[in-house]
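Biologist: Could we go through this structure together? I would like to begin with the charged side chains.

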Amino acid sequence: MIDEGTTPRPDNFANFEPVLGADGRIAALRFVFPPYQVGPYADGTQTVDVPADVLLPKIAPAYRHLFAGG
């Protein structure tokens with residue numbers, strides 16, 4: 001389930017939300033995996049936070065100011 005639910009396809013990572021730091025800038029993106037995408041329903045909704053410093057090299061320069069460290 002994990003391998004299939006996390007293959008690099010846009011629809012596998014379509015559910016995300018920003019995690020704001022104390023300064024109001026984005027400190028991380030939280031990817032939300034619904035039940036059955038990466039595990040059984042009994043495990044509930046799974047999430048993973050990707051910190052801003054990991055994301056910054058991939059963020060367009062026009063949007064870096066929105067992220068912590070940008």
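This is a predicted model: local features need pLDDT of at least 70, side-chain atom pairs count only at pLDDT 80 or more; totals for chains, interfaces and linings use all residues.

Biologist: What is the N to O distance between E17 and R30?

Modeller: The salt bridge between the side chains of E17 and R30 has an N to O distance of 3.5 Å. This pair links distant parts of the chain, with E17 in strand β1 (residues 16-20) and R30 in strand β2, 13 residues apart.

Biologist: And how far apart are the closest N and O atoms of R30 and D49?

Modeller: They are 2.8 Å apart in the salt bridge that R30 forms with D49. Because R30 lies in strand β2 and D49 in strand β3, the pair ties together parts that are 19 residues apart in sequence.

Biologist: How accessible is R30?

Modeller: R30 has a relative accessible area of 25% and is therefore partly exposed.

Biologist: How many salt bridges does the structure hold?

Modeller: There are three. One of them joins the side chains of D11 and R9, at 2.8 Å from N to O. D11 counts as partly exposed at 48% relative accessibility, and R9 counts as partly exposed at 40%.

Biologist: What about the overall charge count of the protein chain?

Modeller: The protein chain carries 5 positive and 8 negative side chains, and the centres of these two sets lie 11 Å apart.

Biologist: Changing topic: which residues make the nonpolar surface patch?

Modeller: M1, Y36 and Y41 make that patch, which covers about 410 Å².

Biologist: Where is Y36, and is it buried or exposed?

Modeller: Y36 sits in the loop between β2 (26-33) and β3 (46-51). Its relative accessibility is 55%, so Y36 counts as exposed.

Biologist: In what order do the elements run?

Modeller: From the N terminus on, the order is α-β-β-β-α, that is, two helices and three strands.

Biologist: And the overall dimensions and surface of the protein chain?

Modeller: Along the principal axes, the C-alpha atoms fill a box of roughly 40 × 25 × 15 Å. The protein chain exposes about 4900 Å², of which carbon and sulfur atoms supply 60%.

Biologist: What share of the residues is buried?

Modeller: Of the 70 residues, 23% count as buried. As for contacts between residues at least 6 apart in sequence, 30% join residues at least 24 apart.

Notes. Residues are numbered from 1 along each chain as its sequence is written. Side-chain values use heavy atoms; hydrogens and water are left out. Patches are made of residues with over 30% relative accessible area and no salt bridge: like charges are joined within 9 Å, nonpolar side chains (Val, Leu, Ile, Met, Phe, Trp, Tyr) within 5 Å. Accessible areas come from the Shrake-Rupley method with a 1.4 Å probe; for residues, only the protein chains shown count as cover. A salt bridge is a side-chain nitrogen of Lys or Arg within 4 Å of a carboxyl oxygen of Asp or Glu. Helices (H or I, at least four residues) and strands (E, at least two) are DSSP runs, numbered from the N terminus. Buried means under 20% relative accessible area, exposed over 50%, partly exposed in between (1.4 Å probe, protein chains only). Contact means heavy atoms within 4.5 Å. Lys and Arg count as positive and Asp and Glu as negative; His and the chain ends are not counted. The place of a charge is taken as NZ of Lys, CZ of Arg, CG of Asp or CD of Glu.
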